Amino acid sequence: MPKNKKGKERIRSSVLLDDPTQLVGEIPGSENVKNTFDCLKNGLQVSNDGNCIGSKNPVTGEYEWLSYSEVISKSQSIGSGLLQLGLKPQNDNFVGMFAVNKQEFLLSVCACAAYSMVSIPLYLTLGWQSVIYIINQASLSVVIVNNSENALKILNNSQQLPTLKYLVMLDPITPDVQQAADKGGVQLLPFKTLEDLGRNSLKELVLPKSDDIFCIPYTSGTTGVPKGVLLTHRSMIACIAALKIGYGEAGVYGGTILSYLPPAHIYEICNEIASLYFGRRIACYSGDIKKLMDEVQLLKPTILPLVPRLMNALFAKAKESVGDSALKSFLVKVALSRKEKLLKRGKVTNQSIWDKLVFKKFQDALGGNVHMVVTTSAPISAEVMSFFRCASGAYVFEAYGQTETLASAMTLPLEYAGGFTGPPVTCNFVKLVDVPEMGYYSKDDFGEVCMKGPNVFKGYFKNEEATKESIIDGWQHSGDIGRWLPNGSLKIVDRKKHLFKLSQGEYIAPEKVEAIYSESKLVLQIFVDGSTDQNYIIALVVPEPAALKNWLKSKGHKDTGDINQLLSNKEVKKDFLMELRKIGSEKELNSLEQARNMSFLSEPFSTANDLMSPTFKVRRGQARKHYEALINSLYEEGPLV
């Protein structure tokens with residue numbers, strides 16, 4: 001159980017700390033590792049100059065690797081090349097990167113760290129307004145770009161970018177990109193040319209101090225403009241220290257991890273830097289998310305970072321393979337029970353009779369060699385987590401954190417239950433703060449989650465007002481509502497942000513309702529909304545096509561051939577809404593949190609229509625405006641139930 005510090009604030013710290021009042025900011029056994037480039041040097045030693053970064057050859061289909069010494073050498077060349085473009089080896093010099101899962105991205109991050117410069121990773125799916133805003137706010141003179149599409153996104157607006165001088169291209173330079181660059185007065189440079197430029201004029205390394213800025217990832221901006229998060233090298237080192245301690249007996253040097261999550265996301269950045277420290281092989285996937293599991297089969301990773309959406313899909317596929325077979329269902333139930341008993345006795349294995357008889361196919365789907373699975377970025381159900389812990393035969397961790405704090409809480413290695421994010425990690429204190437307008441009080445072990453420690457960010461770049469709102473007396477206020485469970489774990493139960501009030505005066509947290517309704521196999525995407533002049537909430541649903549078709553048949557609704565006509569049928573909507581409300585009741589939503597009318601959507605939320613952020617969160621303001629007429633019509637129609 002996490003240890004409490006004395007005092008009325010009910011502050012908690014990690015159960016793994018020798019002294020609950022003393023946080024760990026340095027990596028045990030590696031106190032000389034002070035910055036992210038030191039992590040790369042540590043990886044060189046522990047791997048004995050093994051393979052570091054790999055990419056799949058499109059011709060042979062095999063992974064080709066750069067060794068750790070080659071990565072260090074190339075990083076020095078690329079960093080020296082950036083200096084040749086006029087940048088200086090100091091902490092107020094920034095390099096923009098349109099993030100893509102290629103070795104060039106990670107090499108560029110290491111190159112910046114080698115010369116005390118700061119990397120600013122940008123999501124591939126950012127709209128051009130956000131791109132312009134970030135380039136101008138950071139006064140970027142150099143941006144590394146993956147392809148022609150994103151190069152043109154910048155160059156076609158170059159008249160609004162007075163500081164931009166160079167675009168460094170990963171893909172070949174096309175005529176239309178060259179024409180746009182000439183017109184905008186921006187110089188194009190192939191990435192290899194940048195590396196060659198530096199190799200011919202190598203500079204001595206200028207390593208950053210611990211409190212220097214490592215990178216400035218921008219929040220995805222579900223509301224307003226993106227905010228640049230000032231993360232120091234100390235923040236990253238403290239996070240790695242917490243991971244090393246938290247992994248416990250599951251901790252492993254070496255091994256292989258697949259890089260496929262957006263590199264501009266802090267989850268992926270942490271995975272990469274930690275993997276460098278642990279001397280792992282980092283394999284960059286080909287870029288086709290539809291073929292991700294095929295690449296898992298080829299690579300056979302030992303560390304597999306997942307997100308709830310993918311875990312839910314794998315879980316659903318496993319359940320589907322059981323089907324209506326009573327025998328298979330019985331075997332799975334017994335196997336899960338037996339594996340859980342092994343976990344309770346402290347044994348994680350993929351060698352039991354149940355692994356061989358029941359779970360081998362599932363383990364093979366994960367590559368057949370997984371030692372550790374880590375998930376974060378959104379809550380995941382207890383059922384799915386328990387299944388993965390038993391069926392994968394691997395250590396399965398769930399972590400909680402934000403861009404502003406990296407990892408803040410994480411489950412312990414031999415955890416067998418699910419539905420929570422674990423106790424605080426060793427690099428931060430956690431406390432819950434009263435949110436009276438929502439009825440949450442710390443005396444009841446509920447409240448807004450706040451963190452304090454060396455992992456917490458310095459503030460928002462050139463945004464003092466937002467910094468003051470987020471960091472109060474040294475505590476970062478997350479906007480998440482948490483609960484302390486009897487076992488000492490933190491459970492995220494709600495969101496303080498994005499609240500709206502109904503006419504009764506009650507606050508509704510739409511993301512909580514959406515998360516619960518999304519557990520239905522019928523739901524692909526969902527948006528819940530309401531307002532102060534209404535006394536109930538409504539839902540807009542993008543249905544899952546295959547599941548919807550089977551469900552319609554089971555409910556006796558005839559397929560007329562016109563799906564839109566069928567989905568506009570009032571009885572269909574009512575039956576569907578009752579399915580959602582049934583799940584809501586099972587998850588103890590109160591009556592005001594249950595939708596009373598709904599509509600189907602034919603167009604999914606996406607970054608293309610600007611209804612979803614690059615981190616795949618619904619942009620609530622845009623969605624409300626986009627569907628204003630539809631929402632009004634639902635309220636004019638009145639409640640269905």
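The legends below describe close-up views of a predicted model.

View 1. Strand 15 spans residues 372–375 and is covered on both faces. Met 372 and Val 374 lie on one side, Val 373 and Thr 375 lie on the other, and all are buried. In a regular strand, side chains alternate between the two faces of the sheet. Strand 14 (residues 303–306) pairs with strand 15 in the parallel sense, over 4 bridges. In this pairing Pro 305 is found opposite Val 374 of strand 15. Strand 15 also runs parallel to strand 16 (residues 395–402), to which 4 bridges join it. Here Val 373 faces Val 396, a residue of strand 16.

View 2. Strand 25 runs antiparallel to strand 26 (residues 537–543), and the two are joined by 6 bridges. Within this pair, Val 528 is placed opposite Ala 539 of strand 26.

**View 3. The crossing of helix 3 and helix 9.** Two packed helices are described by the angle between their axes and the distance between the axes. For helix 3 (residues 103–114) and helix 9 (residues 266–277), the axes come within 12 Å and cross at roughly 70°. Because angles of 65 to 115 degrees count as roughly perpendicular, helix 3 is described as roughly perpendicular to helix 9. Helix 3 contributes Phe 105, Leu 106, Val 109 and Cys 110 to the contact, where they meet Glu 272, Ile 273 and Leu 276 of helix 9. Sorted by class, this contact of helix 3 with helix 9 has 6 nonpolar residues, no polar residues and 1 charged residue.

View 4. A search of the whole structure finds 0 disulfides. Cys 52 is in no disulfide, and the nearest cysteine sulfur, that of Cys 110, is 7.1 Å away. A disulfide would need the two sulfur atoms within 2.5 Å. Cys 52 has a relative accessible area of 0% and is therefore buried. Cys 112 is likewise in no disulfide. For Cys 112, the nearest cysteine sulfur is again that of Cys 110, at 9.4 Å. With a relative accessible area of 1%, Cys 112 is buried.

**View 5. Ser 139, a residue with positive phi.** Ser 139 has a phi near 50°, a positive value in a residue other than glycine. It sits in the loop between helix 4 (128–137) and strand 7 (142–145). Ser 139 counts as partly exposed, at 40% relative accessibility.

**View 6. Lys 462, a residue with positive phi.** Lys 462 is not a glycine, although its phi is positive, at about 50°. The loop that holds Lys 462 lies between strand 19 (446–452) and helix 15 (464–470). The relative accessible area of Lys 462 is 58%, so this residue is exposed.

Note on methods. Residues are numbered from 1 along each chain as its sequence is written. This is a predicted model: local features need pLDDT of at least 70, side-chain atom pairs count only at pLDDT 80 or more; totals for chains, interfaces and linings use all residues. Side-chain values use heavy atoms; hydrogens and water are left out. Buried means under 20% relative accessible area, exposed over 50%, partly exposed in between (1.4 Å probe, protein chains only). Two strands pair if DSSP finds at least two bridges between them. Axes are lines fitted to C-alpha atoms, for helices over the stretch in contact, and angles run from 0 to 180 degrees between N-to-C directions. Angles under 35 degrees count as roughly parallel, over 145 as roughly antiparallel, 65 to 115 as roughly perpendicular and the rest as oblique. Contact means heavy atoms within 4.5 Å. Ala, Val, Leu, Ile, Met, Phe, Trp, Tyr, Cys and Pro count as nonpolar, Asp, Glu, Lys and Arg as charged, and the others, Gly among them, as polar.
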